[in-house]
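Q: I would like to learn how to read a protein model one feature at a time. Could you take me through this one slowly?

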Amino acid sequence: MKRTTLLTVVCFLFIQSVIAGGLLTNANQSAQYMRMLSRNASTDLDAVYFNPAGVMEMANGFHFGFHSQTLFQTRTITTTAPLNNQEFVGNLEIPVFPTAFAVYKKDNWAFSFGLGPNAGGGSVVFDEGIPSFEGKIATQVNGQLVPALAGLAAFGYEVQPGYGAAIEFEGRSVFWGIQLGATTKLSEAVSVYGGVRVLPSINTYTGGISNIQLKVNGSMTNAEQFLLGASTSVGAAATNAANAAAGMQPLIDNGAGGYTLDQVEQGGYISAAERTQIEQGLMGLGATQAQIDAMQITQIQGTFSAGATVLNATANELEENSALLKDQEVDTKQTGTGFTPILGVNISPSDKLNIGLKYEFQTALKLTNDTKVDDTGMFPDKAESRSDIPAILSVGVNYKPSKKWLTSVSFINYFDKGVDWGNNIYGQERIIESGLWELSAGVQYSITDRFALSVGGMQSTTGVSEQYQSDFSYSNSSNSMAFGLQWKATDQLTLDAGVLYTTYKDEDKSFGTYTETYDKENLGLAIGLSYSIFK
């Protein structure tokens, strides 16, 4: 019988963007973004993140802002594989997703600070696991363990295809972005920015499998307990076989080693009842009546000895497998810190037109495991892994055709091909065909000098190959819509509020005999306050 390990993978989601952005990056860094989507040429306080060179267009003084978002995401994975479940749903809820900005501007210089979850920021819970997790159990139980246990039918146990388990996991991740930088004016139209973002990062993975079950004699039963009981039964049979082999020795010592059972019974060496007991023991080891009738006593002893050896090995195997099928879990935390150099340029040739450009360099990020429990061996304590963040180029154009109207267009390209994404959960290389890109547009209309409404739309196109995709981590093209308002309560105090909704294109992955489909849906609500102290 082959040994089998059920928990050979840990199904926790890799760090992904929460609502909007690239494969890793959260672009939803302000309430203004959540109501308009196009912010890459911003000259408001959220320019600290979206267009840091644009803060030079702000008034002299101190400017502070705090934003909070409430985010909801549903991840749905469907499969045509022959599993107990065909649909797996993961829910992400983030009650508070905070970002903060601060700027001090004085004539030709400005210094800025930004804080927010640059990646991750919440936890995703799949109450029933994901297909690769359940599929591993189905394959190893139905494909390996059930056939290996066919011999237990001799002991009254018919192990049939079928399995059960309580599977759940939770992946929680947040990469905080702490951004510091300085902007200076080169001319009346051009300003430049240089800064760095520090990324203290944490991933935590918890969960596992409990109450793994096998189908025995038509009923589901706890696998660990069943295998322990079967081991005891087989061990008892091994003891009986060893005793039976020892019971043949007196017959051999008395010169009956070359006799058959019929001959030793006729010779008075054994009784009819003893002969029946010996025959039943041999049949339990798989011998037929014809074979038994032809066996000599020395052959019978050898059969019992060999049977005892095999049964002992089987009993030990069953006991080992019972340990592998007990409740198993993982509890690990990964931490690390990365640094992202950032450059920006803002061009403002007129009061109506503003152009923003920003380049974020690739972030080298190494994570170290702090593991409390790991029944899989996948997260050795103190082991290190890479989670680099791709370089990003963003371009934005704002145009004001009149005092009441503001139009904006933004483009972002994520240089995903420059990062080694490793393999997916199936051992396939996660190939990037082209970088993910986003194109967005927004319009703001000022009803009064203090109150404005805005709408925005965005198309996001992923560049990953089908090989990249897995239920563990997947990327979908999407379309987003946003709307909201801005209220300038006073010259110093401004409130922004927005709603963002994203639908994703289904992405399919073929496994030959079956297909998996990956989908997501997002909803975000945001509110932000900014306050200025003019100098």
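Q: Is leucine 37 buried or exposed, and what is its relative accessible area?

A: This is a predicted model, in which local features need pLDDT of at least 70 and side-chain atom pairs count only at pLDDT 80 or more, while totals for chains, interfaces and linings use all residues. Residues are numbered from 1 along each chain as its sequence is written, and side-chain values use heavy atoms, with hydrogens and water left out. Buried means under 20% relative accessible area, exposed over 50%, and partly exposed in between, with a 1.4 Å probe and protein chains only. Leucine 37 has a relative accessible area of 2%, so it counts as buried.

Q: Which residues other than glycine have a positive phi here, and where are they found?

A: The general idea is that most residues other than glycine have a negative phi. Leucine 37 has a positive phi, near 75°, and its place is the loop between helix H1 (31-36) and helix H2 (47-50). Helices (H or I, at least four residues) and strands (E, at least two) are DSSP runs, numbered from the N terminus. Asparagine 211 is not a glycine either, and its phi is positive at about 50°; this residue is found in strand E5 (residues 190-216) and is partly exposed, with a relative accessible area of 35%.

Q: What does arginine 35 touch?

A: Contact means heavy atoms within 4.5 Å. Arginine 35 lies in helix H1 and counts as buried because its relative accessibility is 0%. Not counting residues up to four places away in sequence, arginine 35 touches residues including Gln444, Val455, Phe483 and Asp496. The C-alpha atoms of arginine 35 and alanine 497 are 6.6 Å apart in space, although the two residues are 462 residues apart in sequence. A polar contact is a pair of N or O atoms within 3.5 Å; within protein, one must be able to donate a hydrogen and the other to accept it, and residues adjacent in sequence count only if both atoms are side-chain atoms. The side chains of arginine 35 and serine 454 make such a contact at 2.8 Å.

Q: How many cavities does a search of the whole structure find?

A: Rolling a probe the size of a water molecule over the atoms shows where empty space is left. On a 1 Å grid over the protein atoms alone, a cavity is a set of points where a 1.4 Å probe fits but cannot get out, and a pocket is an open set with protein on both sides within 12 Å along at least five of seven lines; lining residues have an atom within 4 Å of a point. Grid points are joined across faces, edges and corners, and a volume is the space filled by probe spheres set on the points. The search finds five cavities of 30 Å³ or more, and the largest cavity holds about 140 Å³ of space. Of the 18 residues that line the largest cavity, the closest to its centre are Ala27, Asn40, Ser394, Ile412 and Tyr414. Strand E12 (405-414) is among the elements that give two or more residues to this lining, and E12 gives the most, with four residues.

Q: How much space lies in the largest pocket, and which residues are closest to its centre?

A: About 1,400 Å³ of space lies in the largest pocket. Its lining has 44 residues, of which Thr43, Asp44, Lys400, Gln486 and Lys488 are the closest to the centre. The largest share of that lining, three residues, comes from strand E18 (residues 515-534).
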